[in-house]
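Here is a short note for someone opening this structure for the first time. Please read the points in order, with the model in view.

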Amino acid sequence: MTTQAKVKPSFEAIAWRAMRYSGILLIPLAWFHVYLQDVIVGVHAIDIDYVALRLDMVAWVVYDMALLAFAFAHGMYGLRQVSFEFIHGERARRNVSLLILGLWLVVSLIGAVALIGGARPELISH
Amino acid sequence: MLVYLKIYRYNPEAGRNVPSYDTYNIEAEPTDRVLDLLEEVKGHIDGTLSYRRSCAHGVCGSDAMRINGRNMLACKVLVKDVGSEITVEPILGLPVLKDMIVDMEPFFDSYKAVMPFLVNDDIPADGKERLQSPEQRERFDDTTKCIMCAACTTSCPVFWADDQYVGPAAVVAAHRFIFDSRDQAGDDRLKILSDHGGVFRCRTAFNCTEACPREIHVTQAIAEVKQAITS
């Protein structure tokens, strides 16, 4: 059967698979985030000291970076799909895809920098 | 029963440049088909009404149209199943030529693009037949049922907006040969379908599965092709 042979994966195939894997990861990441912030801690108990304490732990920084990058990637991938309904030229589609990829990268990097930088309660006057 | 029939009309050659609807009150039996109502209008009320029909028994796939907003074969759907107020319109996503007749060329172009034919240049072992086990035949049985009516493709919201997407029917046609143990061009088809107009444009809306008059599991077939590409 010919389907046993390997087909060189296209960008579309790689992107589709990446969305599936990151989508599976997003389920526990997003739900535990909601459970922690809304149930265990409670939104009214979240203040700058709590944020600073949390961002002092590398594991939480990595967790939040993954949540931001994956969730935002899904939003951007969806935006790309929607944009293809209005943009039909091959070159225009490639440019829009690159623009969206760049936007995802920049926003994710800014988020990562903010998370790594952490919170500084001493700068907030109570 | 009295059926209130509302029919989409468009005929630029006769000056009806703007699509509009004609309405008719037709006496019908609940077991009449919607095609019977159209035949009644065309035969006895307005001979200019145009639609495709051939076998009238759900085999040729000529009379796919939107009936009360859903893609169906007019020859398969009964009046009792759609009620006494029936709206008949052409399928979406293909240019309307006249009334219910659409230009099927873009649909067939997509079909042809996926090589919907058996490719095997080897001489069979016995010189006559390429044998296949029942299990191997079963693997692609579902997608052999396609009658090319375009009900699936023209129910797909991605196809409506993106003329580069090959559409569900073309994927079904490709599936039929990709998973055929006798075929040798599966990789070529997978390559075509992994491109930007291929299966990864599918957003799994399931409209195609719902619309298929042959009850082919179209969305599942698309998912199997996606898996064959990525596995």
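1. Chain B holds nine helices and seven strands. Helices (H or I, at least four residues) and strands (E, at least two) are DSSP runs, numbered from the N terminus. The model is predicted: local features need pLDDT of at least 70, side-chain atom pairs count only at pLDDT 80 or more, and totals for chains, interfaces and linings use all residues. Residues are numbered from 1 along each chain as its sequence is written, while chains are lettered from A and ligands numbered from 1 in the order in which they are written.

2. The C-alpha trace of chain B spans about 60 × 35 × 30 Å along its principal axes. Of its 231 residues, 42% are buried (20 or more other C-beta atoms within 10 Å of the residue's own, with C-beta atoms placed from the backbone; 12 or fewer is exposed, in between partly exposed).

3. Look at helix α7 of chain B, residues 186-193. Gly186(B), Arg189(B), Leu190(B) and Leu193(B) are buried there. Seen down the axis of α7(B), the buried residues fall within an arc of 100°, so they line one face of the helix. The arc is that of the directions from the helix axis to the C-beta atoms. These buried residues pack against α6 (168-178) and α9 (218-230) of chain B.

4. How many residues of chain A are in contact with chain B? There are 15, and they meet 24 residues of chain B; contact means C-beta atoms, placed from the backbone, within 7 Å. Helix α1 (residues 11-41) of chain A gives the most to chain A's side, with four residues.

5. α1(A) meets α9(B): their axes come within 10 Å and cross at roughly 105°. Axes are lines fitted to C-alpha atoms, for helices over the stretch in contact, and angles run from 0 to 180 degrees between N-to-C directions. The two helices are therefore roughly perpendicular (65 to 115 degrees; under 35 is roughly parallel, over 145 roughly antiparallel, the rest oblique). Ala13(A), Trp16(A) and Arg17(A) of α1(A) touch Lys226(B), Ile229(B) and Thr230(B) of α9(B).

6. Within chain A, α3 (residues 58-83) and α4 (residues 90-117) have axes that come within 10 Å and cross at roughly 160°. That makes α3(A) roughly antiparallel to α4(A). Residues making the contact include Leu68(A) and Phe72(A) of α3(A), and Ile100(A) and Trp104(A) of α4(A).

Conventions. Contact = placed C-beta atoms within 7 Å.
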